[in-house]
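Here's a quick briefing to read alongside the model. Keep the sequence and the 3D view open as you go.

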Amino acid sequence: MGADPREPELLWYVPNTVDPGHRGDFTADGWGTLDFTVDLARTAEAHGWSGALFGTGWGRPDTFTVATAVAALTTTFRPLVAIRPGYWQPAHFASAAATLQHLSRGRLLVNIVSGQDDLAAYGDVEGDQAQRYARTKEFMRLVRRLWAEENVTFEGEHFRVTDSTVVPRLPAGAPRLYFGGASPAAERVAATEADVQLFWGEPLDGIEARISRLRELSKDLDRDLPPLEFGLRVTTLVRDTTEEAWRDAEAKVAELAARQGERLTPAFRRQTAVGQRRLLDLAERGDVLDDNLYTAPGRYGGGGAGTTWLVGSADDVAASLRKYADLGVTHFVLSDTPYKQETARVGDALVPRLRARAVDG
């Protein structure tokens, strides 16, 4: 399949924690303050990124509050705000998102998260996987109606509203909904309700198979939205040379191993979500897959986007990302630590290469 000639969405990651140490970044000066977070966002703006993801979870600062403050103090930066159904009621979320979309002049992006969290801490209840994703599907469908219609009345299995009109109105230009998840239940939600399906850093053959399956599901389930798009959330360790990159990657994994003390246990693997287990299982195929997808970090606690890394020179990593683009991936959410240093380094190294590919077609 040929590359999508449309310019890719190139996003970074801004840590959303009070205490330093996230992904091994122990920068202490100002961590978790508004000045620190805005500085990271402005650094992203200055080095070519269109925006960045803010992670969510009970025990972190509220993502919408952080994103609103950052949007007010930046110019082009697009916050990709992670949120959870259950933490938010649909009408409350639709109103907050419409407000931020209006005030930021259309810069808001939203990442819907259905994975497990400390639900009881904020008054939510735990359901099984089928229930979680059924609720998410209903949440996404209702939120879209609230952005587009007036006087919405809806009574579903999980949510209800009566004569609800969200202000300001978003009949056009509503925030795009990103979504993740690798289970069959998650894929059915993505195929019908998401704008962008996010994948973690799997090998090319796995991403190709998932894209094909999701496209077929979209047809089978009579998707009534524009075609589903695809994104990649992965760590990128970029250095001036291939040799330097691998030397630093191996040193970082050695530090992870020293802090972890031992490899991840089988019990931990069983407790993790389907998508995370897929990443952890990649290490059984080898430390390096495709050209430069490094799986060793996952053995020592590098969860989520830190489980696998694309390692190499700027040309090496850009070439790998182009191969994902050739499969249909048009959204990239990248990161490495220390955050400020790597926001600039990776932005300067990768963004021009990836945007040049889009211009060249």
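This is a predicted model: local features need pLDDT of at least 70, side-chain atom pairs count only at pLDDT 80 or more; totals for chains, interfaces and linings use all residues.

In helix α6, the buried residues are L204, G206, I207, R210, I211, L214, L217 and S218; buried here means under 20% relative accessible area, exposed means over 50%, and partly exposed is in between (1.4 Å probe, protein chains only). Residues are numbered from 1 along each chain as its sequence is written, and side-chain values use heavy atoms, with hydrogens and water left out.

- Helices (H or I, at least four residues) and strands (E, at least two) are DSSP runs, numbered from the N terminus.
- Helix α6 covers residues 204–220, and its 17 residues should span 24 Å at 1.5 Å a residue, which agrees with end C-alpha atoms that are 24 Å apart; the expected span is 1.5 Å times one less than the number of residues.
- On the face of α6 turned away from its buried side you'll find the exposed residues K219 and D220.
- After α6 comes D222, with a positive phi near 55 degrees.
- For α2, the buried residues are T63, F64, V66, A67, V70 and A71.
- Seen down the α2 axis, its buried residues fall within an arc of 160 degrees, so they line one face of that helix.
- T65 and A72 are exposed, and they sit on the face of α2 turned away from its buried side.

**Aromatic pairs**

- There are 19 aromatic pairs in the structure; rings of Phe, Tyr and Trp (its six-membered ring) pair if their centres lie within 6.5 Å, and planes under 30 degrees apart count as stacked, over 60 as edge-to-face and the rest as tilted.
- W58 and Y87 make a tilted pair, 6.3 Å centre to centre with 55 degrees between the planes.
- W58 is in the loop between β2 (51–54) and α2 (63–72), while Y87 is in the loop between β3 (78–83) and α3 (90–103), so this pair ties together parts that are 29 residues apart in sequence.
- F93 and W147 are both buried.
- Ring pairs join W58, F64, Y87, W88, F93, Y122, F139, W147 and F159 into a cluster.

**Pocket and cavities**

- On a 1 Å grid over the protein atoms alone, a cavity is a set of points where a 1.4 Å probe fits but cannot get out, and a pocket is an open set with protein on both sides within 12 Å along at least five of seven lines; lining residues have an atom within 4 Å of a point.
- Grid points are joined across faces, edges and corners, and a volume is the space filled by probe spheres set on the points.
- The second largest pocket holds about 160 Å³ of space, and its lining includes R144, W147, L170 and D195.
- Helix α4 (residues 129–148) gives the most to this pocket's lining, with 3 residues.
- The lining of the second largest pocket has 7 nonpolar, 1 polar and 3 charged residues; Ala, Val, Leu, Ile, Met, Phe, Trp, Tyr, Cys and Pro count as nonpolar, Asp, Glu, Lys and Arg as charged, and the others, Gly among them, as polar.
- The structure has 3 cavities of 30 Å³ or more, and the second largest cavity has about 80 Å³ of space.
- Among the residues lining the second largest cavity are R84, Y122, D124 and R132.

- The peptide bond from V167 to P168 is cis, with omega near 0 degrees, and P168 is in the loop between β6 (160–164) and β7 (176–179).
- The T337 to P338 bond is cis, with omega near 0 degrees.
- N151 isn't a glycine, but has a positive phi of about 55 degrees.

Note on methods:
The arc is that of the directions from the helix axis to the C-beta atoms.
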